[in-house]
Amino acid sequence: MSTAIDDLWPVEIASVTDEVPPVTILKQQASLLGQKTKNIVEGKVETTLSDNEGVLRHTLYLVAPALNFYRYPLLDVEHKATSMYPAKIKVRSAEKSQKDIRDDIWDLQNAPADNEEEFKNKLKSVFADEETKKIIGALLAQSGGKKPPKKRIISDY
Amino acid sequence: MKFLFWNIKKNSIGRVLSDIVEEHKVEVVILAECSDKIEIEILNGLNTETDDLFHLTASNETRVVIYTRFPDDFIKSEYNDEFLTVRRVSLPARREILLAVIHFPSKRHESYKEPRDRQKLVSDLSSRIREIESRVGHSRTVLTGDLNMNPFEEDMISANGWHAVMTRDIARKRTRLVQKEFYPFFYNPMWGRFGDDTEGPPGTYHSKKGLLSEYFWHMWDQVLIRPDLLESFDSASLQILKECGGASFVKPSGIPNARLSDHLPLLFALEI
């Protein structure tokens, strides 16, 4: 004899908000970077679980295929897995160790973005920062010029 | 999905290649003898006049370069060595396939002049592909590249070689039992592209060396299809290209124009 199981879940289970998640915005921007550079420098987003329990970390990498697929971690975005905002942007430093946070930008971004609009504004300022432009410019310049030797051997045999 | 394979003999073929991919709507471009120096120049050329940009995928140590219209998230490396790369192509709402690309050493290669050395290498590479198919759980495999041998050669047809047969009917039997071991078939449509009674050129490579025996035309560049992909392969899509966009890849005599490449490009499609 079968017993009906009570469904205790509410009828309406759906996305809690119309806001675009930070990871989606990052992926869109990663794709747009590729469009701007003709994929000479591409953006890649990878998501991991942060050391803090329950916090997701999305890292935006700049990838240069011509430089042995060198990956530069430009920034991290962190937020709780159970809520998309507030989201904190942490910018990496090119000059210091890649684990360091870039002081000037970090000051600007220190306050978490409370919503999609704030998040986009903060991202825009990171992308427009002189150091960010310098890093992308350097990757582009090196990709067009002489490259470091690879393991790959090309011969006509 | 349309694929183009071309051994470009280290030449910067820029505009010619972008004309081919635009005219034939190619999604995967596979090049042999594409040096580090020109791989980014070629990416630039491919992306100059299109919004549907190509991505350069990581070659690692293998001797071929693959560009795709889709990001490399959808084409994962399963295996790479100097001569073989195997990629798992898995696009949304499409069946996953394995793309194996070979640039086999020529008979002039110091280590592979002897038939038994070549035979061992073919046997190792084909065995590697079978292992990967077993690991990923399917054999929807397409193999393409510069195999540096003709379809009728021993290493192409032997069971522990490429085991590539000339008809679909034989390939549909899937495997053949030899000395208590089952070996899967490949279908080799290149058999049907030989000679001057076909629509395209008589082969993909031409040589004339003054030897007693001379074939003149060779089919070094090939595509082989596993039985599980046969229904996805339309023979009509297979072309050896000799011209595109007003540019001819052959001399007036009909043989490949080595100023571009001494090989002709190979185009084929899979409905996946």
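**Helix packing, chain contacts and dimensions**

Modeller: Helix 1 of chain A passes helix 3 of chain A in a right-handed crossing; a crossing is right-handed if the near helix is turned clockwise from the far one, and left-handed if anticlockwise, by less than a right angle. The model is predicted: local features need pLDDT of at least 70 and side-chain atom pairs pLDDT 80 or more, while totals for chains, interfaces and linings use all residues. Residues are numbered from 1 along each chain as its sequence is written, and chains are lettered from A and ligands numbered from 1 in the order in which they are written.

Colleague: Within what distance do the axes of helix 1 and helix 3 of chain A come, and at what angle do they cross?

Modeller: Two packed helices are described by the angle between their axes and the distance between the axes. Here the axes come within 11 Å and cross at roughly 35°. Axes are lines fitted to C-alpha atoms, for helices over the stretch in contact, with angles from 0 to 180 degrees between N-to-C directions. A:P22, A:I25 and A:Q29 of helix 1 meet A:F119, A:K120 and A:L123 of helix 3.

Colleague: How are helix 1 and helix 2 of chain B oriented to each other?

Modeller: Their axes come within 8 Å and cross at roughly 45°. The two helices are therefore oblique to each other, the class left after roughly parallel (under 35 degrees), roughly antiparallel (over 145) and roughly perpendicular (65 to 115). This crossing is right-handed, and B:G14, B:R15, B:L17, B:S18 and B:V21 of helix 1 make the contact with B:E41, B:I42, B:G45 and B:L46 of helix 2.

Colleague: How many residues of each chain are in contact with the other chain?

Modeller: Two residues are in contact if their C-beta atoms, placed from the backbone, lie within 7 Å. 19 residues of chain A are in contact with 23 residues of chain B. On the side of chain A, helix 1 (22–37) and helix 4 (130–144) are the elements that give two or more residues.

Colleague: What radius of gyration does chain B have, against that of a compact globule?

Modeller: With 272 residues, a compact globule would have a radius near 19 Å, and the 18 Å of chain B agrees; the radius is taken over C-alpha atoms, and the globule rule is 2.2 Å times the number of residues to the power 0.38. The C-alpha atoms of chain B fill a box of roughly 55 × 50 × 35 Å along the principal axes.

Terms used: Helices (H or I, at least four residues) and strands (E, at least two) are DSSP runs, numbered from the N terminus.
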